[in-house]
Amino acid sequence: MKQKSRGVILALIPFALMVLAFQLVPVLSMLTGSFQKADGTGLTLGNYLHALQSAYYMQAIKNSLLISLTSSLIGIIVGLFCAYCITWFTPRVRDRLLMLSNMTSNFAGVPLAFAYIILLGNNGVFTLLFKQWGWSVFTDFDLYSWSGLILVYVYFQVPLALLLLYPSFYGIREQWREAASLLGAGPWQFWKTIGLPILTPAIFGTLGILFANAMGAYATAYALVGGNYNLLAVRIGSLVAGDVVTQPEMGSTLAVLLGLTTILAVYLNHLMVRRTERFGAKALSKPDVKTKSSRRLWTAASEEVGQ
């Protein structure tokens with residue numbers, strides 16, 4: 001027994017070393033660096049006071065939050081419909097679509113920004129082609145602006161949302177649809193009463209992941225707009241590895257604020273998921289619906305779940 005426990009401990013050593021080297025050490029280095037003075041002679045809270053009182057850095061935080069929230073909401077809505085539609089394909093077609101979604105969700109960073117510049121930039125293929133045809137489709141569209149960033153962010157948010165939401169639709173049993181249909185419920189009433197409450201925890205959980213994914217996106221935004229648009233991730237990069245003057249202590253401070261903002265958003269999202277799960281379990285055990293047909297739907301679903 002002792003030899004078995006010793007073997008388990010030895011097997012976990014590589015994992016512990018990896019966590020220590022790639023997670024704990026960078027986080028500790030970032031935290032200690034955020035409290036250091038510019039000359040490195042001591043510790044101070046001045047970096048945080050400067051970051052929170054600076055209109056320039058606060059604008060970067062605001063822009064990052066706005067872009068992350070907007071792209072996450074668009075991604076979750078489009079991804080939800082795509083995940084529902086993909087369940088209707090045959091397994092062979094569905095597997096190929098999932099493989100394509102997996103590839104596109106990982107196609108980000110500089111290659112993605114370069115692809116969009118080639119297609120929709122000032123001298124992009126579609127921009128010049130539509131101009132030659134006399135179409136004014138992209139007359140007011142600027143790829144190197146807020147709307148361009150939203151478009152590029154949504155590109156890698158939608159496949160990720162699809163991959164995360166797709167398994168949740170298989171938690172909705174076909175017997176529930178049949179029972180709802182036999183009891184006279186239409187598709188809208190079924191999704192309102194049964195489908196969406198079951199999918200809500202997965203939707204909120206995916207929304208938190210999309211938000212964190214957008215907050216940490218750096219290479220795509222930097223390759224597309226450089227320093228012309230004030231984003232928090234771009235600002236951290238310029239402070240740590242700028243071309244003129246570097247301020248690693250301010251970069252660490254902004255990185256800590258970025259991490260705290262993302263952790264807070266994910267934590268609030270986690271609380272909403274837990275509340276939704278408790279609400280769904282309570283509703284399934286004790287139906288509290290007003291209409292007679294809805295009550296019968298809940299009863300049928302509860303019997304199917306076995307609660």
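This is a predicted model: local features need pLDDT of at least 70, side-chain atom pairs count only at pLDDT 80 or more; totals for chains, interfaces and linings use all residues.
Close-up 1. Cys-82 takes part in no disulfide, and its nearest cysteine sulfur belongs to Cys-85, 6.5 Å away.

**Close-up 2. How accessible are Cys-82 and Cys-85?** Cys-82 has 31% relative accessibility, so it counts as partly exposed. Cys-85 is partly exposed too, with a relative accessible area of 41%.

**Close-up 3. Helix 4 from end to end.** Helix 4 covers residues 91-105, which makes 15 residues. From its first C-alpha to its last it reaches 21 Å, close to the 21 Å expected at 1.5 Å a residue.

**Close-up 4. The buried side of helix 4.** Which residues of helix 4 are buried? They are Arg-94, Leu-98, Ser-101, Thr-104 and Ser-105. Look down the helix 4 axis and these buried residues fall within an arc of 125°, so they line one face of the helix. As a reminder, an α-helix has 3.6 residues a turn, so residues three or four places apart point the same way. And what do the buried residues of helix 4 pack against? Their partners are helix 3 (55-86) and helix 7 (146-165).

**Close-up 5. The other face of helix 4.** Turned away from the buried side, this face of helix 4 carries Arg-92, Met-99 and Met-103, which are exposed.

Technical notes. Residues are numbered from 1 along each chain as its sequence is written. Side-chain values use heavy atoms; hydrogens and water are left out. A disulfide is a pair of cysteine sulfur atoms within 2.5 Å. Buried means under 20% relative accessible area, exposed over 50%, partly exposed in between (1.4 Å probe, protein chains only). Helices (H or I, at least four residues) and strands (E, at least two) are DSSP runs, numbered from the N terminus. The expected span of a helix is 1.5 Å times one less than its number of residues. The arc is that of the directions from the helix axis to the C-beta atoms. Contact means heavy atoms within 4.5 Å.
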